[in-house]
Amino acid sequence: MSSEMMAMKGPYRIGVDIGGTFTDLVMIDSQGLLVNEKVLTTPHDPSEGVLTGVGLITKNNGVLPEQVENIIHGTTLVANALIERKGVVTALVTTQGFRDVLQIAREWRYDIYDLFLTPVEPLVPRSLRFEVNERVAFDGTVVVPLDEAALEPIALQIREAGAQAVAICFLHAFRHDAHELKAKEILQALLPDVTICISSEVMPEIGEYERTATAVCNAYVQPLFEKYISGLIQGLKSMGIQKDLYLMQSDGGTVHYTTAMAYPIRLVQSGPAGGVQATSLIGKMAGLNDVLCFDMGGTTAKACLINGSESQVINDFEVARLQRFRKGSGIPLKVPAIDMIEIGSGGGSISRVNQLGLIQVGPDSSSAVPGPACYGQGGQDATVTDADLVLGYLDAGSFLGGDMPLNLAAASHAIDTQIAQPLSLSIVDAAFGIHETVNEAMAQAASIHALEKGLKASHYAMVPIGGAGPVHACHVAMKLDMRHVLIPRGAGVASAFGFLASPMSFQFVQAQISTLTQLDAAKVKELVDGLHKKGMAMMAHSGLTSDQCRVKVSAAMRYVGQGYEVEVPVDMMSPMANLVDSMAQGFSACYQHLYGRTEKDTPAEVVSWRVVVQGPSPDLLQVADSGDEAVLPQAAHALKGHRPVFCVVKKEFVTTPVYARHLLAVGAVLEGPAIIEERESTVVIPHLARVTVDAHLNLRIDLALQSF
């Protein structure tokens with residue numbers, strides 16, 4: 001609907017997602033009317049791109065700064081600092097004898113056949129890892145009191161080394177945190193300008209290595225994150241936006257900026273989490289419960305299986321892997337995050353010929369600066385975006401609505417010199433090789449991800465998001481034998497929209513190991529009530545009342561002797577006398593669902609308790625769009641013209657109709673091959689596919705007639 005026919009009405013909420021190449025913004029008003037903006041990311045200072053984008057989206061839509069109710073932000077700053085190892089100098093203080101826990105890790109090789117394997121280097125060098133004489137037993141009993149006097153010389157060494165952050169992780173601190181709290185108090189007094197993080201606050205769970213790694217990562221990025229957020233808030237205030245900033249967490253919930261500054265490690269997957277939240281909502285609006293979120297941006301491509309409109313949240317994953325798809329080659333984190341995997345490269349990923357004479361795409365990216373060769377900013381490497389331009393999937397004059405013209409000659413030259421000439425191929429064949437390589441890699445990874453969960457990707461409908469997602473979606477779906485693809489309007493900025501659809505939420509966890517037969521219901525209630533109270537205080541700080549919030553309780557359970565847990569929902573409203581029986585039944589049901597069997601003669605135990613305090617989800621099931629309104633449903637009214645586009649079925653260029661997305665009305669039908677362009681992304685419709693515009697202006701693409 002055009003802005004002339006429906007003017008936006010305040011107050012306004014803005015979602016901002018910083019990607020590796022672009023910073024995306026979505027603004028929604030009180031009527032559910034949406035507008036968006038896309039600007040280049042500014043890697044040297046990401047806040048510059050955010051402020052530029054906020055300025056543009058408000059100015060272009062006649063919105064005054066004081067009319068902005070809140071800004072919800074997701075950032076790659078935390079992830080990039082860990083991947084690029086550009087955090088601050090960090091020290092570790094730990095229990096006597098555990099100085100090398102980061103180095104020893106799990107004592108296994110992530111590739112047993114690689115004789116020259118590169119180990120994961122700890123973020124803290126050995127010279128900055130200090131031991132203190134103290135000891136707590138597994139049950140929380142103090143065996144050796146904390147040697148407080150030993151902390152003063154340690155503080156002196158930390159100061160002399162120029163460390164800006166310290167992580168404190170004592171043995172079994174998740175059961176008894178007094179030693180960590182006291183050490184923090186002493187070190188904070190001795191080092192007032194140094195950030196101090198303790199593991200019992202960041203991750204009070206079992207797992208010495210993972211708990212230490214998580215606490216160290218939080219300390220490693222916290223000063224950078226605090227500086228970034230403080231600068232961003234100051235910049236917004238100078239623009240006249242006085243309302244509080246909120247940030248997206250990796251588990252799909254949003255928090256006040258003060259909470260985010262205390263636990264920045266919880267934001268390591270914030271951008272992709274927003275994309276999953278958007279995909280879940282889009283699928284629900286379209287009546288699709290089981291969808292595959294395919295998020296392909298400028299740097300990476302990720303996938304997430306959404307079942308029953310709900311994405312699964314996991315509590316451990318890895319960051320900064322030395323080998324992208326090799327488990328164990330990264331740093332383990334024990335923080336809640338939406339279960340998604342990186343399945344491939346993004347539009348800016350660099351292509352090259354590897355040692356075997358094959359085309360390799362990524363993992364490195366051209367980023368926003370200099371960007372793909374076709375951006376005309378000095379980039380010399382051939383990227384996925386360059387290949388898509390050469391193949392006709394992108395139009396040099398229509399990229400970002402024509403605001404950012406692309407250089408076809410530069411793209412062709414980069415592909416020719418980097419790929420075509422070394423492999424004695426034509427430029428077109430080399431470009432198709434890049435396109436096919438990245439699609440095949442993503443399809444295989446998505447298929448394996450589904451199979452590992454006992455599922456088949458072909459049973460899902462694909463919802464592609466991200467700037468490059470709609471370009472590659474149908475070709476990837478064909479390889480997965482998927483029959484349906486649903487592409488929402490504004491798919492290129494969907495992650496930012498997902499921030500607006502996410503509730504205020506925070507997850508608390510507390511380890512307390514006990515077999516079910518020995519479970520003390522009174523102590524469980526006391527523990528859960530304590531975490532509930534902390535969560536309500538956090539929600540109150542964000543302006544929510546207790547009657548607006550709901551609480552979900554679960555227990556991480558396993559059979560005694562196992563090393564991995566199953567998350568079991570717990571109904572704390574049921575009588576405490578029935579708690580053990582209901583948990584036993586719940587555990588058996590969850591275990592059976594995951595593994596197809598249960599163990600009858602092995603007792604079950606609880607490892608930790610989780611309490612999620614969540615505010616109301618924004619009601620965005622009915623959203624409007626500020627695009628121009630088409631009067632008639634015939635697709636011909638949206639036809640912009642024709643251009644040669646490479647057909648993956650016929651392996652040749654085919655004269656293909658090009659449609660303007662904003663002119664396609666509800667009920668419009670067209671058949672492939674076709675190109676559908678909107679400002680944020682381009683949709684490539686393959687040969688014989690059928691497209692229908694549904695009531696929410698989504699493109700429903702039926703691939704059932706496609707020759708696979």
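Two strands are taken to pair if DSSP finds at least two bridges between them. Helices (H or I, at least four residues) and strands (E, at least two) are DSSP runs, numbered from the N terminus. The structure is a predicted model, in which local features need pLDDT of at least 70 and side-chain atom pairs count only at pLDDT 80 or more, while totals for chains, interfaces and linings use all residues. Residues are numbered from 1 along each chain as its sequence is written, and side-chain values use heavy atoms, with hydrogens and water left out.

Strand S5 (residues 90-95) pairs with two other strands. With strand S9 (residues 165-169), S5 runs parallel and is joined by five bridges; here Thr90 stands opposite Ala165 of S9. Strand S6 (residues 129-132) also pairs with S5 in the parallel sense, over four bridges, and Thr94 stands opposite Glu131 of S6. Six of the six residues of S5 are buried, so the strand is largely enclosed by the rest of the structure. Buried means under 20% relative accessible area, exposed over 50%, and partly exposed in between (1.4 Å probe, protein chains only).

Tyr246 lies in strand S11 (residues 245-248). Its relative accessibility is 12%, so Tyr246 counts as buried. Contact means heavy atoms within 4.5 Å. Apart from neighbours within four places in sequence, Tyr246 is in contact with Asn70, Ile71, Ile72, His73, Val255, His256, Tyr257, Met504 and Ser542. Between Tyr246 and Gly74 there are 172 residues of sequence separation, and their C-alpha atoms are 8.9 Å apart.

Helix H11 (residues 408-423) contains 16 residues and reaches 21 Å from its first C-alpha to its last, close to the expected 22 Å. The expected span of a helix is 1.5 Å times one less than its number of residues. H11 bends by about 45 degrees at Asp416, the bend being the angle between axes fitted to the seven residues ending at a residue and the seven starting there. At the start of H11, a side-chain oxygen of Asn407 comes to within 3.1 Å of the backbone nitrogen of Ala409. Ala411, Ser412, Ala414, Ile415, Ile419 and Ala420 of H11 are buried, and their cover includes strands S21 (349-353) and S22 (359-365) and helices H10 (384-390) and H12 (427-451). Ser424, which follows H11, has a positive phi near 55 degrees.

An open sheet is formed by four strands in the order S25-S28-S26-S27, with antiparallel pairing. Strand S25 (505-515) and strand S27 (566-570) are the edge strands, each pairing on one side only. The twist averages 25 degrees from one strand to the next; axes are lines fitted to C-alpha atoms, for helices over the stretch in contact, and angles run from 0 to 180 degrees between N-to-C directions. Strand S26 (residues 550-559) and S27 run antiparallel and are joined by five bridges, and Pro569 of S27 is the bridge partner of Ser554. Helix H16 (residues 579-595) packs on the sheet, touching S26, S27 and strand S28 (604-614), and its direction makes about 140 degrees with that of S27.

Helix H15 (residues 521-541) has 21 residues and reaches 30 Å from first C-alpha to last, close to the 30 Å expected. Its buried residues are Val524, Leu527, Val528, Leu531, Gly535, Met536, Met538 and Met539. What covers them includes helix H8 (257-262), S25, S26, H16 and S28. Gly543, after H15, has a positive phi near 90 degrees.

Conventions. Polar contact = N/O pair within 3.5 Å; in protein donor to acceptor, adjacent residues only side chain to side chain.
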